[in-house]
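Hello,

Here is the structure I promised to pass on to you.

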Amino acid sequence: MIRIALDPQLNETHAPEIQWTWRLALTTMGLTWEQVSPAEPCDVAFVANLADAPHAQFVIQANRAAWANPGAHHLQSLAQAEGLTYPVFQNDGGFALYRATTGRWVCSRDVLFDLFWFATGQGERDLTRIKHGFFDLTGTPLQKQQVLQQAVASRVVQWLEVRLAQGGIIAGEPCWGNGKRVAACAGHDVDYPEVIRWLEPARIMRRQGAGALGTALQVLFGARHHWQFRNWMELEKRLGARSAFYFVARRGSFREYGTGTPDPFYDVTAPRFRELFRTLNGEGFEVGMQASYLAYTSREKFGAEKTQIENASGVPVVGNRHHYWHLNPNDPEETLWIHEQIGLRYDASLTHDHYLGWRRGLLHPFFPFHQTLRRELKTLQIPTGWMDDQLFGQKDANPGDRTRLLQTLADTVNAHEGSLMIDIHEYVFDDALFPGWAAAYRELWEYLARRGDVWFATPAQIAEHWRARYARLVAASRGLQQGMA
């Protein structure tokens, strides 16, 4: 158990924010804690003035001005402050770490604020939005320095963990147990399972050119299709994995699609889908929901979509991913709060549509912080690191060799003992229609499987494991309770 002391002034004014950030860091490390007074002996003190914690072994100097106005800080200012270069932490000097005359270590940079800044999306207010509320990161440090692929917030946690270990804090509870170092899960967005035969040939020709005429004709006459569920299931069973399939309850139309509400056209209550649900449930796959494009605008409609999928599938819906990643673009936390209100156990929507990597810089599941309510939310967020189209339709935004990019992503997760959540659309299995798409997924999962220490699970299984682990660590600890769900 680690003894930790907090800055008296900040604990008076910003306890929910600071204690949530410490819980995020410590539970990720698997540590339990006891909150003590800064005047008492402690392992770590988070204080602005060194004199406030005379008996601390390790001190992180808090930046009171930063906590008073997090939105005033920008990524570039974080990168330049005190010589720190994100995303590459250069030695410990990048964190202005020094040994005081008393012999204790002092970090004069508020790395806890950095973690809060990334994990709560403070920098997103500076970004340009384009169609569907997607962010355009062109020319920003996030893209130029590949910050998203580096998982900077998790690197802060890892730096802290190394420092604490050097100070004699023993290793905490492993992230995954059973000898597994990494957790991996996949979700399939069910967007277009029933191909529109008169429309799709033109889309194929536009995507692949005149050479795809034969393939387009095969679709036109029914020789090729998008109903690929069995193929995905057999592939994943061979790999020793099970995935989730996220279905949209709201049935859209061509008219709505053309006017800006691009919901899919299928009906989850149809007999074909009810039979599919029975098959998925019977073979250990997860049935989840993909909230419709405008679900975030109404808690009642959002909840009704969840109920509709539950009624059609015969199983509770515990997880969600938003169609087009479409949370409230002006206030994502409002949408995350709706997840809690309608009883979702996890969500996997905090990512960038165009860009490979982790939107909030975190590799592990986490309970997001709602800045208006000033508390963590009850619905776990599983960060999504890769969506298939990022390396096919959005190649310019993610330059480089596809295989190498994905393996590097997996290596980053391994370095942090994190979780890798990916998004593969259900209709891209056919290599003639979508060359290389399914192969990229298969090769990534095979690359992970060769390690022998990866837990392949459904997102729901990973969520329940992390929720139980978090609750166990919090229950065994004392203090740092403000801002709890």
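Predicted model: local features only at pLDDT ≥ 70, side-chain atom pairs only at ≥ 80, totals over all residues.

Arg-360 sits in the loop between β13 (346–347) and β14 (369–370).

The largest nonpolar core has 73 residues, and Trp-22 and Phe-46 touch the most other members. Helix α5 (residues 111–119) gives the most to this core, with eight residues. Apart from it lies another core of 69 residues, including Val-195, Ala-249, Ile-309 and Tyr-441. Leaving aside neighbours within four places in sequence, the contacts of Phe-46 include Leu-6, Ile-18, Trp-22, Ile-60 and Trp-67.

Strand β4 (residues 56–61) is largely enclosed by the rest of the structure, since five of its six residues are buried. Strand β3 (residues 42–47) runs parallel to β4 and is joined to it by five bridges; Cys-42 has Ala-56 in β4 as its bridge partner. β4 also pairs in the parallel sense with strand β6 (residues 105–107), over three bridges, and there Ile-60 has Cys-107 as its partner.

On to charges. The count of salt bridges comes to 31. One of them joins Asp-189 and Arg-321, with the closest N and O atoms 3.0 Å apart. This pair links distant parts of the chain, 132 residues apart: Asp-189 is in strand β9 (residues 182–190) and Arg-321 in strand β12 (residues 319–322). Both Asp-189 and Arg-321 are buried.

Helix α14 (residues 299–313) holds Glu-310 and Lys-306, four residues apart, about one turn of the helix. Their side chains meet in a salt bridge (2.9 Å, N to O), and Lys-306 counts as buried at 10% relative accessibility. Salt bridges that share partners also join Arg-230, Glu-234, Lys-237 and Glu-283 into one network. Arg-299 and Glu-300 form a salt bridge too (3.6 Å, N to O); Arg-299 is partly exposed at 40%, whereas Glu-300 is exposed at 53%.

Finally, the surface: Leu-213, Leu-217, Leu-220 and Phe-221 form a nonpolar patch with about 380 Å² of accessible area together. Leu-220, in helix α10 (residues 213–220), is partly exposed at 31% relative accessibility.

Best wishes

Terms used: Residues numbered from 1 in each chain as written. Heavy atoms only, no water. Patch = residues over 30% accessible without salt bridge, like charges linked within 9 Å, V, L, I, M, F, W, Y side chains within 5 Å. Areas by Shrake-Rupley, 256 points an atom, 1.4 Å probe, with all protein chains shown as cover. Salt bridge = Lys/Arg side-chain N within 4 Å of Asp/Glu carboxyl O. Helix = DSSP H or I, 4+ residues; strand = E, 2+ residues; numbered from the N terminus. Buried < 20%, exposed > 50% of the residue type's maximum accessible area, 1.4 Å probe, protein only. Core = buried A, V, L, I, M, F, W, Y, C linked by side-chain atoms within 4.5 Å. Contact = heavy atoms within 4.5 Å. Pairing = 2+ DSSP bridges.
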